[in-house]
Number of protein chains: 2
Amino acid sequence: MSQTRGDVWSPVITPFGADLAPDTRRFVTHCQWLASHGVGLAVFGTNSEANSMTVEEKQHLLGTLVKGGVDPARLMPGTGQCAIGDSVALTREAVAVGCAGVLMLPPFYYKSVSDEGLFRYYSEVIERVGDSRLRVYLYHIPPVAQVPLSLALIERLRDAFPGTIAGIKDSGGDWSHTQALIDRFGGDDFAVYAGSERFLLDTLRAGGAGCISATANVNPGAIAGLAASWQAEAADERQQALNAVRDLFERYPLIPAMKAATAHFSGTSDWRRVRPPLVELEEARATELVSALEEMGFRMEGLGESTHG
Amino acid sequence: MSQTRGDVWSPVITPFGADLAPDTRRFVTHCQWLASHGVGLAVFGTNSEANSMTVEEKQHLLGTLVKGGVDPARLMPGTGQCAIGDSVALTREAVAVGCAGVLMLPPFYYKSVSDEGLFRYYSEVIERVGDSRLRVYLYHIPPVAQVPLSLALIERLRDAFPGTIAGIKDSGGDWSHTQALIDRFGGDDFAVYAGSERFLLDTLRAGGAGCISATANVNPGAIAGLAASWQAEAADERQQALNAVRDLFERYPLIPAMKAATAHFSGTSDWRRVRPPLVELEEARATELVSALEEMGFRMEGLGESTHG
């Protein structure tokens, strides 16, 4: 993976059919649309409803993507599960197909676990996968996982697995924490990604790598555009424009809202579907969101059109 | 399953080998020891480190138990996983081998989910299993899962699946909540279990079914004894004796402490092992716990001896 500053990844939303099975054709098309806008594919993230899918479903989707022509060097699947055996199985598959790296949640059932326990978990997975090509990006998302990753733990993991522990996604929503990560660890050998494009410019200016952000599913071109030109004069204005879109989506439950927007702009109402325990956006709220998006001139250009052949 | 008041279940601790694989022989032996003390086997619960195991590992253990002669009518495996597909697979297996019921966690990755989303999750699992023999015991454990089950949700599930929604385990640690569950739902068709034997007598007196409690792994005979004679005069004293043992274990991380005690009384040091992210009790603390237990005359009679053949 490039450690060049200006790296944007989308935690790809997952399309489901009427039977709730992943729609592989729509998934490949959406990934190709995202890639065509210059964002990498952090499939199987929180926004992908990845923990609502079985390991087998994810392995199948990953294989389909690579067979479908998606460049594995632009793939960073989420592979952290509560059970070490599951994490190992999915991580092995990611390494085997040549993914750039994996984004790894801590085990998230038990709360208030020790750094020692989390260190053992990550060590066990890395050692069992046992492949020098493995690049692990740690996934710090205390608001959802409720299991934070401390700076001391990150340092210990980097020391134990240099070259393998390659970065972190900080979805804590607290800029001072992202800044602390960049100050302490950021550099060519450790990529710090903000968990929202709201912090994209701050992250790049501070020396971080970029962002892995939910709304890169719906606004990929503009986010990747700022990341590519963050040193240009208009950067602050572009950041404000990104924030305006983000603000709008954040008025709604984020995953259902992104799916509602994708359904509208692709002309495929099936996109609205989510897996329980999530619930799709109500019709009226979806209409309200779409109106507000159109009012601000927001588009998802080329969505719903095949980007290959 | 008997809805007789005075029902005690142990969320069975899981023995792991040096490679962290479940030790099936030790597992069967421990289950038989527990059953011989009159407690049911709520395998694959929080205290079983069940979410640190793959579905395949749990299916294999369940099959081994039944083949090993454990009565499936005394089995209530935990089968609630984050992914519907995983919950369905494990629940189907439990029904197929004749388990009394299953204890079902809500999906626990996403937080602040709606009752509607949780209703859809449970409905989807129940409908996909599609077996009239299925008995679902809901698992309310907000301190760990961070996803509570509201009274309104329980009512809606009971209405939608009468006969299938058969009870609840309340591990919230708040007696007034357990009492509210009993007052509203408790009866022959809905078993309310306290999540700790600390509330056993209160639960039985209020009309609840009994308890499903961690420390029934180490103190099964005394807990089952009180449950069987809760109307006797000495009940309050017996409750106090149970509490004294519980108090001692609660001074330590509970799962590692129960495993340390089991290791000591069975003479099998391998019992101390836990899976990451948990960490076993330090040697010095284990020694301290065991000394305190011996001082109070605590024993795990017959542990480590084969109970069959």
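How many residues does the contact take from chain A and from chain B? The legends below start with that contact, and every view comes from a predicted model.

**View 1. Chain A meets chain B.** The contact draws 31 residues from chain A and 31 residues from chain B. On the side of chain A that touches chain B, the elements giving two or more residues are helix H3 (84-96) and helix H4 (115-129) of chain A. H4(A) supplies the largest share, 6 residues. By residue type, this side of chain A splits into 17 nonpolar, 7 polar and 7 charged.

**View 2. Two helices cross within chain B.** Here you can follow helix H4 (residues 115-129) and helix H6 (residues 151-160) of chain B, whose axes come within 10 Å and cross at roughly 35°. The crossing is right-handed. From H4(B), the contact uses Asp115(B), Leu118(B), Phe119(B), Tyr122(B) and Ser123(B); H6(B) answers with Ala152(B), Leu153(B), Arg156(B), Leu157(B) and Ala160(B). Of these contact residues, 7 are nonpolar, 1 is polar and 2 are charged.

**View 3. The sheet of chain A.** Seen here is an open sheet of 7 strands, paired in parallel, in the order S2-S1-S7-S6-S5-S4-S3. Strand S2 (40-41) and strand S3 (102-104) of chain A are its edge strands, each pairing on one side only.

**View 4. A strand pair and a packed helix in chain A.** Strand S5 (residues 165-170) and strand S6 (residues 191-194) of chain A run parallel and are joined by 4 bridges. Look for Ile168(A), which stands opposite Val192(A) in S6(A). Helix H9 (residues 220-228) of chain A packs on the sheet, touching strand S1 (7-10) and strand S7 (210-212) of chain A. The direction of H9 makes about 160° with that of S1(A).

Methods
Residues are numbered from 1 along each chain as its sequence is written. Chains are lettered from A and ligands numbered from 1 in the order in which they are written. This is a predicted model: local features need pLDDT of at least 70, side-chain atom pairs count only at pLDDT 80 or more; totals for chains, interfaces and linings use all residues. Axes are lines fitted to C-alpha atoms, for helices over the stretch in contact, and angles run from 0 to 180 degrees between N-to-C directions. A crossing is left-handed if the near helix is turned anticlockwise from the far one by less than a right angle, and right-handed if clockwise. Two residues are in contact if their C-beta atoms, placed from the backbone, lie within 7 Å. Ala, Val, Leu, Ile, Met, Phe, Trp, Tyr, Cys and Pro count as nonpolar, Asp, Glu, Lys and Arg as charged, and the others, Gly among them, as polar. Two strands pair if DSSP finds at least two bridges between them.
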